[in-house]
Amino acid sequence: MSVRGLQAFTRMIWWKHLLAAGLQGCRCGPSSQVKRHYKLLPDDVKSLRAVVSPEISRIRNIGIMAHIDAGKTTTTERMLYYAGYTRALGDVDDGDTVTDFMAQERERGITIQSAAVTFDWKNHRINLIDTPGHVDFTLEVERALRVLDGAVAVFDASAGVEAQTLTVWRQAEKHHVPCVCFLNKMDKPAANLSFSIESIKQKLKANPVLLQIPVGIGKNFTGVVDLLTNQKLIWKMKSTRDDGRVFEVKGLEQSDDPELLQVVRDARAALIEQVADLDDEFAELLLTDCSDNFDVVPSNKLQEAVRRVTLARKGVPVLCGSSLRNKGVQPLLDAITAYLPAPNERHHDLVQWYKDDLCALAFKVLHDKQRGPLVFLRIYSGTLKPQTAVHNINRNTTERMSRLLVPFADQHVEIPSMTAGNIALTVGLKQTVTGDTIVSSKASAAAAARRAQNEGEAGKKRKESASVLLSGVEVPDPVFFCTIEPPSMTKQAVLDHALSCLQREDPSLKVRVDPDSGQTILCGMGELHIEIIHDRIRREHGIETHLGPLQVAYRETILHEASTTDTLDRTVGERRHVVTVELAVRPVDIATVGGSCELAFKEELEGQLSPEMKEAVENGVHSSFLQGPLLGYPLQGVSTLIQHVTMEPGTSPAMVSACVSRCMLKALRLAGGQVLEPVMSLEVTVGEEHLSSVLGDLAQRRGTVRDIQSRHDNKVLLATVPLAEMMGYSTVLRTLTSGNATFSLELDTYEAMNPQEQNTLLKRLSGLL
């Protein structure tokens, strides 16, 4: 391509970038902030490469995670504004934010699905995903953190660590994601820095590394002091319309408030000592060069040490500000680029087998009416290009990717290629779903498997390394279900298509057909989840469906050990199938949600059964795990031991599975059934004047109060309550407290129902099954 042609293409790419960012009408026109980063001058030919393929060390893939209403979306909106991506500050209450683009999100003022947006900040490319804070959409957080390199945890400075904060923090720890903490809402009267820091220590078991001290608090919050540089960052707001883009940076002086100077001096000394304890290299620097005076510690050396501590996940940097009041967001952006890892600093062992070949993970699917399914890919190695064939290892299929896009919330920009470390949006992958591994070809996957086997030293290691599949996303089991019916049978096919699309987008949504009634059953993570799905079917697919009453997704277990034998003798056509199965079942611990079912074979059977017959036995057992003997709910906490299997030659695997299932059912009935109900961990924040009313209501709901804590002028009630008793709780709580209370729910465990409650449930459900 000629230089002039390349310049024209550069202009086209960047102009599309501006259009996709929503810079039209009241929010349009390239701002001076944008022009500083991308000058469309004749000699600026290199900007095309900067837009398409930034250097991997300057990429940051991050997520914003928090409890609901902590300020995630507002913080994201300020980041986009200060980076020059938007020209007007969006507001959640006004429903004009970039990442909350769904109609349901703008109406409710909450984030429902994670949204990806790409922008630049000080020569760094930031791929940011804004995640939901509501427990019903926790899968959105899970699959975002699976592919991200770092995360920003946002806290309400007046509340500290809240219920859903614990959940998202555990998810980040599971994926070993380094984090930065942002104490938001420092302008609230009840904001408390020391309380928030202590809650991070106590509840998250984390090691907070405080990098900033607030200047003022509540309405007097004007800025922060950077403990690394001893500089004050002050936002002098002249009016409520001040956007906070301009702020004052100056060093601390002796004329400043003596109390502030002392606090900063003590905090910086504590910071240096804390980092020295966590980082040996920095400790050596202190001992050799700065042992007499901490004030001479170079700020760049301290920053490098904080980065090493963050990447090693020994500590989490803590910053503070107020996103709604436009204070403290620019230093947070600086912290993202300074402390969170680039893609090449995160070690993914499996990717090394692919070398320079393509290896990517599909972590999200959206449906577009014009383009069809849009698949989000995190690229771990190689280069992705449109109009090329790619191989899906999980599905063992090859598909052609027609277009490659950069995600900008609900707008996208088409690009010619994308390299490792980036997040891409693809068009044309019709069979790919969440958790699939995408490679360049079947031969590439085979070559990676050979490298993994050849480089494995021990037999066990070789066996583990042979897998060339990226680990997918763990999907939680649904806890609510209800029937869903179309307005007429002519719309049933349309409804089935709508549910199929929604299931592909949201793996936590399960759809099944009741074998007895033939009704379609919708299974979701909560009331709000089901409500949103119902609304999306109406708006996006134009079907006015009817939902039946919400039901709780119970589980079943057994009470005793039991052993049984069953023989199947059946002639189909001219073939006779004879199989005998002997097995034993016993209950195992169900104290946690992870108390799943287990299957084992007696040692003598390991060499007797062919792989095909062993798989048939496993299929028969697993199908029995899905339907308990009492009410047909899935089993939990059951261990099965296959003791003996004999069969006549010619017996088909299907007959073996059928015999195992029948034998399992007999054993489960002999062992005695027990219904398990989901019990939720409930946190209610309420004024003291309404506390007795809330406690009385919880007592009627079979709730157990674990603790009552004081948080400023409010009381925080921690309790466990059966999910079946929490139907419509938000409306009741609003009535009891005149709207002055908030609550959050999280699945805690499955517990055995008492006999009286179980008998009541059996009588109530006997007419439905």
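Trainee: What stands opposite I234 in strand 10?
Mentor: E248 does. Strands here are DSSP runs of E, at least two residues, and helices are runs of H or I, at least four, numbered from the N terminus. This is a predicted model: local features need pLDDT of at least 70, side-chain atom pairs count only at pLDDT 80 or more, and totals for chains, interfaces and linings use all residues. Residues are numbered from 1 along each chain as its sequence is written, and side-chain values use heavy atoms, with hydrogens and water left out.

Trainee: In which sense do strands 9 and 10 pair?
Mentor: Antiparallel, over 4 bridges, with strand 9 at residues 231-234. Pairing takes at least two DSSP bridges between the strands.

Trainee: What packs on that sheet?
Mentor: Helix 9, residues 258-278. It touches strands 7, 8 and 9; contact means heavy atoms within 4.5 Å. Its direction makes about 165° with that of strand 7. Angles run from 0 to 180 degrees between N-to-C directions, using lines fitted to C-alpha atoms, for helices over the stretch in contact.

Trainee: Where does strand 31 come in, and how does strand 30 pair with it?
Mentor: Strand 31 covers residues 638-647 and pairs with strand 30 in the parallel sense, over 4 bridges. F601 has I642 as its bridge partner in strand 31.
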